[in-house]
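The following report describes selected local features of one protein model, taking strands, a helix pair and individual loop residues in turn.

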Amino acid sequence: TGQGLELLQAQSPRTPDYDLIIRGGRLIDPSQDLSTEMDVAIRDGKVVRLAPKLDSATAWHVLDARGKIVTPGLVDVHVHVYDGVAPLGIPADPNCIAKGVTTVLDAGSAGATTFPGLKRHVMRIVDTRVYALLNISIIGQSTVTTGFPHGELLEMRYVDSRLAIRTIEQNRDSILGIKIRLTESITGPNDLRALAVAREAADAVGLPIMVHIGGSYSPVPKIVAMLKKGDVITHSFRGGEGGIIDPRGRVLPEVRKAVESGVNLDIGHGAGGFSFRTADAVFPQGLLPGTISSDVHQFNVNGPVFDLPTTISKFLMLGLSLEDVIRRVTLNPSRLFAFPQGTGSLREGNVADVAVFDLREGNFDFVDSQGEHRAGRQKLIPVASIRAGKIYGNASIPVVPVLSAVR
């Protein structure tokens, strides 16, 4: 018990070196080019040592990760967690940190007039680290729900660069970019006008734009022409019209040029944003997504998305290596957006946000946003999440108090 540990500490001339050792797992940390068995030692909420084998007796507690995968806490750059306000919103903690996703970007649930509530009632109270992309529409996604097809950009009076800029400047600690959705039912013929306003605001504050594509009023090449280095195309591997490939499955030359200039392709799986067949067509052409995100929300959390670990498991099935997929949910997001230093990395001295997974072998049914089923042989199952050195909830692997540690 906690009392027992305190008593032993009081009677001892020496306290343990570490609060927690994560022992014996295969540490995959692309920020350090690590993919090997390694112990992780944590003290005062930070990673203080990585070593092949640490003495368990030097820690208060040991988390037994033998046979497991240990990674930096995953980063999901496209979620919707404005629960209770934006109709897409779901609770952050059971759908993010409980699944090994310690840091997320809420992608446009809130606009300038609705953002204060997201900060006060979500960001400040949940255990998941929640940041935001501000919707260029001041009302955010408050109109998005079943049976109400009136998008937030149908009225240009709700698109205001001055309010977006002011909101961002007042919340630099939590807003990392601008979000705009360009489906025709959301914008009508206003898509390029609204994107121009988003461009103006993004340039003024020096932050990227995340552009949702698919079924837009204007063709994708015209949309892509307005993007710059550091901007993001989400739902980039969607099926159907309005994606990054032509009817013959060839990557649009404008998209390839944009990627070569520094525009990032993000998955944004969602209920309609990812197709196995698009991946089949694009991968052989030498184009891979820079980031893998879930776009998890109320209408896909029970399938086909479920969570980010399920989403990245689909890319294992598609042929990416474990290191490839972990890179796209740790290091790459940390380079794309201005998260606090150390996000997505377990370098010594960084905040100890850690995820532990079981890489299960078997026969798993995966479904894309088009309803296509494919069988996979591996799936990442979250078994423990650690935020700033503290284990979240109940880990499903042993966490052992090391009473003999205090000598």
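## Strand pairing, helix packing and loop residues

Strand β2 and strand β7 (residues 69-72) pair in the parallel sense over two bridges, where strands are DSSP runs of E of at least two residues, helices are runs of H or I of at least four, both numbered from the N terminus, and two strands pair if DSSP finds at least two bridges between them. This is a predicted model, in which local features need pLDDT of at least 70 and side-chain atom pairs count only at pLDDT 80 or more, while totals for chains, interfaces and linings use all residues. Residues are numbered from 1 along each chain as its sequence is written, and side-chain values use heavy atoms, with hydrogens and water left out.

| Residue | Phi | Relative accessible area |
|---|---|---|
| D33 | about 55 degrees | 66%, exposed |
| D44 | about 55 degrees | 65%, exposed |

Turning to the helices, α4 (residues 161-170) and α6 (residues 191-205) pack at an angle of about 30 degrees with their axes 9 Å apart; axes are lines fitted to C-alpha atoms over the stretch in contact, and angles run from 0 to 180 degrees between N-to-C directions. The contact (heavy atoms within 4.5 Å) is made by S161, A164, I165, I168 and E169 of α4 together with V197, E200, A201, A204 and V205 of α6.

The loop between α9 (276-282) and α10 (308-317) contains N300, which is buried, with a relative accessible area of 0%. A polar atom of the N300 side chain lies 2.9 Å from the backbone oxygen of D295. Leaving aside neighbours within four places in sequence, N300 is in contact with G270, A271, D295, V305 and F306. P304 is also placed in the loop between α9 and α10, and a cis peptide bond with omega of about 5 degrees joins G303 and P304.

Conventions. Buried < 20%, exposed > 50% of the residue type's maximum accessible area, 1.4 Å probe, protein only. Polar contact = N/O pair within 3.5 Å; in protein donor to acceptor, adjacent residues only side chain to side chain.
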